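Let's take a walk through a protein chain together, going from the overall picture down to a few single residues. Keep the structure in view as you read.

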Amino acid sequence: MPDAEHAPEAGRAPDAGRVPEAGRVPEAGAGRVRKPGDARTPRTGRVREAGGDRRFASSLITAGSAILALVAVAVAFAPLLTAWGPEEIDPLASLAPPGGAHLLGTDLNGMDVWSRVLHAARLDVGIAVAAVALAVVAGSLVGLVAGYRGGRPDDVLMRVLDVFQAFPTFILALAVAALLGGGTANLIAVIALVNAPAYARLVRAEVRSVRELPFVEASRTSGASFWGVLWRHVLPNSLTPVRVIAPLNCGWAMLTLAGLSFLGLGVPVPTAEWGAMISLGTGDVVAGRWWTSVPPGLFLLICVLGFSLLGEGLQERADSTRR
C-alpha cells in the first residue's frame, strides 16, 4: 500500500505541482509547448499586412497625383510653352518633321503638333471631369431616392437603369452621340448619360445599408423632414465608394471621348482634340510620319494612367481600412 505522505492529493492532477521548464510556456488548452516568439500571432500578421497595403496605396496615389499635376501645369501654361496657336497654319511647313520651329513637327495642314497636343489636354481633361461630375450628381440623386424610398419608385428606377445597362457602354455612347451630334456640351451629356447608371446602383446599395443605422432612425423619430434626413445623414455617409470610383471613370471618359472623336462623332476638326488628331494622322504612320499621331496618343496614355493610378490607390486605401 503506497505511503500516504507521497500519495497524490484528492482532486489534484498528478502534474499539478510541476514547474514548467525554463524558457518554455505551455499554450492554453494544448498539450504541446512552444517558445515565445516562435510564431507570429494572426493579429500581428493582419496589422503588418494592412500597413503594407496602405503604403502601396500611398505610392499609387502619389504617382497618379504627380502625373496629373504635370498635366495640369502643361494645361495651365500651354500658351507660354509654344509659339504657335493650336489652329495656326504654317503654309511652308506641311508635314514637317520634329525640330526647328516646330518641336513635334506639323500635320498635313501645317499646324504645330506640340501646340495642338497641349491645347487638346484642356479640352479632353475638361470634358472628362465635367462629364464624370455630372454623372455623379445625376446618378447619386437617382440612387438616393430609389434606395431610401424603396417600393415602387425603386422598382421603376432600377428597371429604367436596366435598359441603359443592357447595352455596351461605348455602343450606347455611339448611338447617343450620333443622335445628338458633336459639340462640347453634347459630348459631356453623352458621357455622363452612360456613366450615371453605375453611380445610381452604387449609391442605392449604400443608401439601403445606411438607412437602417440607428442615427438615421433617431433623426426620423425626432421629426426631421424626408429631404432633411437624406441631405444631412444618408447622402454624406453613402458617397465614400463614389469618391473612390470617380477618378477611374475620368480616365475611362477620356478614352470614350477619344474614341468618339476618332470615329468622327466627337469634337469637329480643326479643334485640337487627341482622338481627332490620332484619326487624322493614322495614314501618316504607314508612310513613316509618326509625329502626327503618336504624340497625342502618348499624352492620352499618360493622362489615363494618372487617373487610373489615383483611382486604384484610393480603392486600395479604402480596402485596407476595411480590413
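Helices here are DSSP runs of H or I with at least four residues, numbered from the N terminus. With that numbering you can find proline 270, which sits in the loop between H8 and helix H9 (274-286). A cis peptide bond joins valine 269 to this proline 270, with omega at about 15°. Please keep in mind that the model is predicted.

Now step back and take in the whole chain. You will find ten helices and two strands. Following the sequence, the pattern reads β-β-α-α-α-α-α-α-α-α-α-α. Of the 323 residues, 40% count as buried. The chain exposes about 17900 Å², and 64% of that comes from carbon and sulfur atoms.

Our next stop is the loop between helix H1 (42-76) and H2, where leucine 95 is found. Its phi is near 55°, a positive value in a residue other than glycine. Is leucine 95 buried or exposed? Its relative accessibility is 18%, and the cut-off for buried is under 20%, so leucine 95 counts as buried.

Move on to helix H2, which covers residues 113-149 and includes serine 115. This serine 115 has 0% relative accessibility and therefore counts as buried. Which residues does serine 115 touch, leaving aside its neighbours within four places in sequence? The contacts of serine 115 are Thr82, Trp84, Gly85 and Pro86.

H2 also meets helix H5 (residues 184-210): their axes come within 5 Å and cross at roughly 35°. This crossing of H2 and H5 is right-handed. By class, the contact between H2 and H5 has 21 nonpolar, six polar and two charged residues.

H5 has another partner to look at, H3. These two helices pack at an angle of about 145°, with their axes 10 Å apart. Here the crossing of H3 and H5 is left-handed. On the H3 side, the contact is made by Asp154, Met158, Leu161, Asp162, Phe164 and Gln165. On the H5 side, Leu193, Pro197, Ala198, Ala200, Arg201, Arg204 and Arg208 take part. The residues of this contact of H3 with H5 divide into seven nonpolar, one polar and five charged.

H4 has buried residues of its own: Leu172, Ala173, Leu174, Val176 and Ala177. What covers them? The cover includes helix H3 (151-165), H5 and helix H8 (240-262). After H4 comes glycine 181, whose phi is positive, near 90°.

Conventions:
Residues numbered from 1 in each chain as written. Predicted model: local features only at pLDDT ≥ 70, side-chain atom pairs only at ≥ 80, totals over all residues. Heavy atoms only, no water. Buried < 20%, exposed > 50% of the residue type's maximum accessible area, 1.4 Å probe, protein only. Contact = heavy atoms within 4.5 Å. Axes fitted to C-alpha atoms, helices over the stretch in contact; angles between N-to-C directions. Left-handed = near helix turned anticlockwise from the far one by under 90°. Nonpolar A, V, L, I, M, F, W, Y, C, P; charged D, E, K, R; others polar. Areas by Shrake-Rupley, 256 points an atom, 1.4 Å probe, with all protein chains shown as cover.
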